Amino acid sequence: MTVRKRIQIRGIVQGVGFRPFVYQTARRVGVAGFVCNTPDGVLVEAEGTQAALDAFLRDLARDPPPLAQVSGIVATEVEPQREVEFSIRSSVEQAFDAVTVLPDVATCDDCRREFTDRGDRRFGYPFTNCTNCGPRYSIIKDVPYDRAQTTMQNFRMCEKCRAEYDDPANRRFHAQPNACPVCGPRLLLVEHDGTAVAVAGAKNGGRVTDIETLREVHRLLRHGKIIAIKGLGGFHLACDAENDQAVRRLRSRKRRSDKPFAVMAADIASVRRFCNVSAADLQSLLRPSHPIVILERRPDAAISPAIAPGNNTLGVMLPYTPLHALLFAECEEATREFSALVMTSGNLSEEPIVTSNEQALERLVHVADAFLVHNRRIHMRVDDSVVRVFRGKERVLRRSRGYVPGVIELGKPVVEILACGPEQKNTFCLTQGRYAMLSQHIGDLENYETLEFFEETLAKLKKLFRVEPRAIAYDLHPRYLSSQYALEQAGLQKIGVQHHHAHIASCMAENGLNEKVIGVAFDGTGFGSDGRIWGGEFLVADLEHFERRAHLRYVPLAGGDAAIRQPWRSALSYLRETYGNDLPHDLPLWNEVAEKERTIVWKMLERGINTVETSSCGRLFDAVASILGLRHEINFEAQAAIKLEMAACAGSNGEGVYPFQIEFADPWQIDLRPMIESIVGEVQQGARREAIAARFHDTLAVMIAEVCRSLREREALNKVCLSGGAFQNMLLLDRTHAALGEHGFEVYLHASVPPNDGGIALGQALIANAALKRGA
Ligand SMILES: [Zn+2]
Ligand SMILES: [Zn+2]
């Protein structure tokens with residue numbers, strides 16, 4: 001007897017080769033009917049014998065295409081239609097669900113086999129892709145996701161590519177960026193003035209092939225040259241990671257001082273030569289997003305020390321496009337193969353990464369020796385994402401390529417809101433339906449170029465997702481460009497959100513929490529409701545309200561931004577708070593910071609000139625790093641804190657903690673002056689800095705657990721959310737998590753959203769949504 005079923009499949013099932021999969025499954029088990037895309041996912045109608053239909057449903061659930069994520073299959077019986085064929089219907093194609101726009105996907109194994117196979121027509125072709133891999137978000141201009149709406153629109157498929165594209169049984173069926181050496185994008189290696197580099201080995205008069213171009217790039221890299229390479233979401237600056245001279249040259253040309261460079265390693269074996277790789281690390285390295293994974297560097301790693309000076313970690317990724325993979329491919333006249341390249345963002349410091357060929361030639365002219373460009377336009381600029389594994393789970397620190405525009409499920413419908421995010425590590429957030437869409441990493445909104453990137457990305461995402469926000473959320477800091485942007489938007493309801501409340505709300509959102517929690521928000525800078533700079537905060541909060549129940553005791557900071565660049569200023573301030581005018585002798589600070597400068601800052605502190613009071617955890621780390629003589633000045637964010645963490649990792653543990661006091665005022669004040677006194681005493685006695693740094697971390701963890709216990713006694717709350725940039729410090733996170741766990745707290749951390757300011761737009765959006773619902 002013939003049975004017919006209507007099967008609705010939901011989840012990420014569009015643009016991932018799901019219909020051909022259904023088609024092939026139907027043919028294999030012998031059912032008739034059709035499959036098509038609908039706004040809700042994929043709709044299938046299938047008829048055949050009961051046994052065939054059972055097999056069909058079983059196989060659909062069991063073996064979906066790699067990029068698909070099925071969230072539900074619902075089958076209902078309908079009247080048989082006596083169909084005999086199974087077909088893919090495209091008539092409903094227009095009803096594409098915007099939420100299914102996919103992130104860019106790293107090269108799949110099938111494609112890799114093709115472009116490394118001498119016999120394949122795609123041998124050496126750097127733009128090979130298929131339904132299971134390749135560019136998506138970086139090339140999509142509009143939905144539905146169709147070649148004409150991507151930056152592949154100008155490339156006409158050749159006959160062979162077209163045949164693949166049209167064949168439901170082919171891996172490239174409806175693969176929109178499908179391309180080959182005959183019809184697709186091409187590489188070009190150019191000089192500073194834009195003229196083509198003469199490529200050796202190119203046949204007389206003939207067109208230079210991509211393989212020949214790559215061979216020349218390979219030769220230049222081997223000779224220590226710096227090449228600007230156009231990738232998926234922007235340009236990289238690349239050089240041989242094992243060539244110390246080349247790396248130093250890149251560092252000096254980029255004027256990047258000591259900020260670590262990311263590395264791209266040829267393969268897993270190469271990663272293992274430089275770093276210790278856990279099973280969870282490996283999983284992250286290999287996932288379709290291919291992020292930069294922060295790994296523990298091996299002490300014997302034969303890699304230029306200039307890549308991440310003074311750091312015991314290394315940010316490593318694997319090649320995620322064929323172009324990148326081919327940079328490592330063996331080259332016939334190779335005398336030495338390199339196994340890792342520095343791959344740092346192609347930008348001038350603090351500006352967004354460069355995406356167009358013209359911009360690259362203009363902006364990177366003093367940095368790169370040559371430019372490897374191509375003629376596929378990058379529509380969406382996306383930086384590499386950065387993750388780190390903590391307790392076996394991936395934690396995203398910079399959410400960009402490969403993760404965006406993946407949506408965050410909120411579990412409840414929300415108002416359409418734009419949350420403008422913070423100033424540093426800016427991302428913004430749009431909400432729609434039951435989803436939040438966090439933009440890719442925009443960067444520090446401190447210059448015109450970055451603000452332009454913010455506005456441009458916002459316009460593109462609003463179009464792509466068809467969102468028209470009703471309200472706009474912003475950080476309370478009056479000087480943030482993102483806040484100023486929000487306040488300039490006419491006709492929208494505006495909702496200011498406190499920085500640390502947003503941190504905690506963001507952590508709540510990704511953990512699906514909706515009740516009151518204890519929120520521990522530790523970071524560098526956030527504008528407080530009292531006009532001071534907060535950063536060591538204990539909140540009792542839900543999405544609607546927060547109460548600031550405890551914080552690090554305020555210390556005055558002299559000189560605004562200079563105080564952040566010069567940790568010794570924080571040290572001086574903490575010392576003055578602890579000892580008054582009777583400062584302790586024998587600290588490295590007295591010899592290592594010019595007396596003249598110290599005197600000026602001292603006077604500022606005495607008279608309260610250009611000072612601001614802060615409870616910042618970041619400045620506390622600065623102060624301790626400087627008191628220990630680890631770092632008095634910094635040239636990238638959190639450099640002193642990282643130095644202190646590195647020292648602590650080398651220190652022994654289990655040696656007790658320093659004293660501190662909690663004053664139960666309103667709010668409670670955490671007084672760390674007794675700790676400063678103990679640390680100073682130990683420095684004067686010549687104790688190991690590593691041991692002091694380790695005890696300092698332990699003290700903070702114990703203090704956090706102590707404050708949370710006191711809060712629990714009064715509030716009967718047992719859930720603690722940890723958020724803020726300070727919890728990127730893995731030692732602090734580990735010790736705090738352990739200390740809270742010992743006292744039976746349920747601890748919630750970030751995972752898919754950054755703990756740093758890159759995650760707060762999500763919190764802003766949810767707090768604004770709660771405010772609107774309350775007001776409505
Ligand atoms: Zn592929
Ligand atoms: Zn072709």
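This section describes a metal site, a helix, an aromatic cluster and some backbone features of a predicted model. Local features need pLDDT of at least 70 and side-chain atom pairs count only at pLDDT 80 or more, whereas totals for chains, interfaces and linings use all residues. Residues are numbered from 1 along each chain as its sequence is written, chains are lettered from A and ligands numbered from 1 in the order in which they are written, and side-chain values use heavy atoms, with hydrogens and water left out.

Cys108 (SG), Cys111 (SG), Cys130 (SG) and Cys133 (SG) coordinate the zinc ion at 2.3 Å. Donors are N, O and S atoms within 2.8 Å of the metal (3.2 Å for Na, K and Ca); water is not among the atoms, so sites may look incomplete. The site is tetrahedral, with angles of 102 to 120 degrees among its 4 donor atoms. Four donors count as tetrahedral if all angles lie between 85 and 135 degrees. The ideal angle for four tetrahedral donors is 109.5 degrees. Along the sequence, the donor residues follow the spacing C-x2-C-x18-C-x2-C. Cysteine 108 lies in the loop between strand E5 (86-88) and helix H3 (109-115), and cysteine 130 in the loop between H3 and H4, so the pair ties together parts that are 22 residues apart in sequence. Helices (H or I, at least four residues) and strands (E, at least two) are DSSP runs, numbered from the N terminus. Cysteine 108 is buried, at 13% relative accessible area. Cysteine 130 is buried too, at 0%. Buried means under 20% relative accessible area, exposed over 50%, and partly exposed in between (1.4 Å probe, protein chains only).

Helix H2 (residues 50-62) has 13 residues. From first C-alpha to last, H2 reaches 18 Å, close to the 18 Å expected at 1.5 Å a residue. The expected span is 1.5 Å times one less than the number of residues. The buried residues of H2 are Ala52, Leu53, Ala55, Phe56, Asp59 and Leu60. They cover an arc of only 160 degrees around the axis, which puts them on the same side of H2. The arc is that of the directions from the helix axis to the C-beta atoms. The face turned away from this buried side carries the exposed residues Ala51, Ala61 and Arg62. The cover over the buried residues includes strand E1 (3-12), helix H1 (18-29), strand E3 (41-48) and strand E4 (69-78). Contact here means heavy atoms within 4.5 Å.

Phe428, Phe454 and Tyr485 form one aromatic cluster. Rings of Phe, Tyr and Trp (its six-membered ring) pair if their centres lie within 6.5 Å; planes under 30 degrees apart count as stacked, over 60 as edge-to-face and the rest as tilted. The count comes to 11 aromatic pairs. Phenylalanine 428 and phenylalanine 454 form an edge-to-face pair, 5.4 Å centre to centre, with 75 degrees between the planes. This pair links distant parts of the chain, 26 residues apart. Phenylalanine 428 is buried, at 0% relative accessible area. Phenylalanine 454 is likewise buried, at 0%.

Two cis peptide bonds can be described. One joins valine 404 and proline 405, with omega about 10 degrees. Another runs from aspartate 666 to proline 667, with omega near -5 degrees.

Histidine 174 has a positive phi, near 55 degrees, though not a glycine. Histidine 174 is partly exposed, at 24% relative accessibility.

Terms used:
Four donors count as tetrahedral if all angles lie between 85 and 135 degrees; four count as square planar and six as octahedral if opposite donors are over 155 degrees apart and all others between 65 and 115; anything else is irregular.
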